[in-house]
Amino acid sequence: MKKLNGTVIVTYRCNARCNMCNRYKAPSRPEEELSLEVIRKLPPMYFTNITGGEPFVRTDLKEIVRELDKKSDRIVISTNGFFTERIIDLCKEFPHIGIRISIEGLEETNNKIRGLEDGFNRGYTTLKKLVSMGMKDVGFGMTVQDANAKELVDLYQLSDDMNMEFATASLHNSFYFVEAKNIIHDRPMVAREFENLINELLRSKSPKKWFRAYFNHGLINYIYGQKRLLPCDMSFDTFFIDPYGDVMPCNGTKNKKVMGNLKSQTWDELWHSPQAETVRKQVRSCERNCWMIGSVSPAMHKYIWKPAWWVFRHKFLSLGKKKKYSMYENKIVRDYRDGKVKKEYLDRCSTCDMNVEAEDGLSETSREQIKAKCKENC
Ligand code: SF4
């Protein structure tokens, strides 16, 4: 069986209160979340991302990782790093896995954005403990918005000093984030910060960082609402599974798209079903142009010549000229600077829609639970 790239959303529960994600208001019921029995039905994977909500909210995460470890070449867990002891305990048994801790800026900014008391120190302490344990695949993840863009390079330098990975994203809207109104307001300011980061990455000696520079170049393109730099092949050799067992192409769609359900079907049944084919057709014509690592990383491997040529041009051809990367290499950035396109036009190109209520992708029973809780407390 061909190995796939899978993201396992083990829960929609979350202990943080991020300003760009409403998932914490729409949690899944623990009783409905993926069981070990369902996890055993997943196919072999060359890469598995475990995420949430906050995955470490699940006290049985260790058992889940034990199952996934049998069928995955590489596992990375995305977490806010708050549950330090649980993370350390898990990593003692699985020192070969990767951990990405979302940190949204330096202390004050991070805590404001995440709504987690002492969140920065908890996350940072967790990272340091993991490094001191000898964990190799550890890093930061940052979702860039107007409020934290100015700290992008500072945070990169912090991760670099600690010899850690540094992953970036920009604001997105989708059912997964239960959000439709996220938008970057000051695009040139944010793009400038990405430009600075790209030049830092290109200056390094690490080929991995040069390709990260390309990814960040794609983020500038994304925040200006332009067509993706690489095709999106989600649902072909990549999938997401939500806490209910629904298998989806990705987490970027406006409404939840379901290829099948692993609680009631076998993997082969759902993966080769007419419903899965319908979703694949929708992916082919999808115009959301996401640029998140989950959909871009497989595309960068598949269409390697394109990022490789970009890296070659920026790293080597410009060497003699001492020319740095400029955000104005992107035509749309020049057009905006030159007044050829207006902010309103760029806003319309984004996935932000102020007139819609975001879908939450919850089951009826999870939704009932929220209503019941609201009746008690609201
Ligand atoms: S562009 Fe790709 S990742 Fe984004 S919503 Fe469409 S199919 Fe999903």
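**The sheet and its surroundings**

Nine strands form an open sheet with mixed pairing, in the order β6-β5-β4-β3-β2-β1-β7-β8-β9. Strands are DSSP runs of E with at least two residues, helices are runs of H or I with at least four residues, and both are numbered from the N terminus; two strands pair if DSSP finds at least two bridges between them. The edge strands are β6 and β9 (260-261), each of which pairs on one side only. This is a predicted model, in which local features need pLDDT of at least 70 and side-chain atom pairs count only at pLDDT 80 or more, while totals for chains, interfaces and linings use all residues. Residues are numbered from 1 along each chain as its sequence is written.

Within the sheet, β3 (residues 75-79) and β4 (residues 98-102) run parallel and are joined by four bridges. Thr 79 stands opposite Ile 101 in β4.

In helix α6 (residues 152-161), the residues Leu 152, Leu 155, Tyr 156 and Ser 159 are buried, meaning that 20 or more other C-beta atoms, placed from the backbone, lie within 10 Å of their own. They lie on the same side of α6, because they cover an arc of only 105 degrees around the axis, taken from the directions from the helix axis to the C-beta atoms. Just after α6, Asn 163 takes a positive phi of about 60 degrees.

Which residues are around the ligand? Among them are Cys 232, Met 234, Arg 288 and Ser 295.

Conventions:
A residue is near a molecule or strand if its C-beta atom, placed from the backbone, lies within 6 Å of it. A residue is buried if 20 or more other C-beta atoms lie within 10 Å of its own, exposed if 12 or fewer, and partly exposed in between; C-beta atoms are placed from the backbone.
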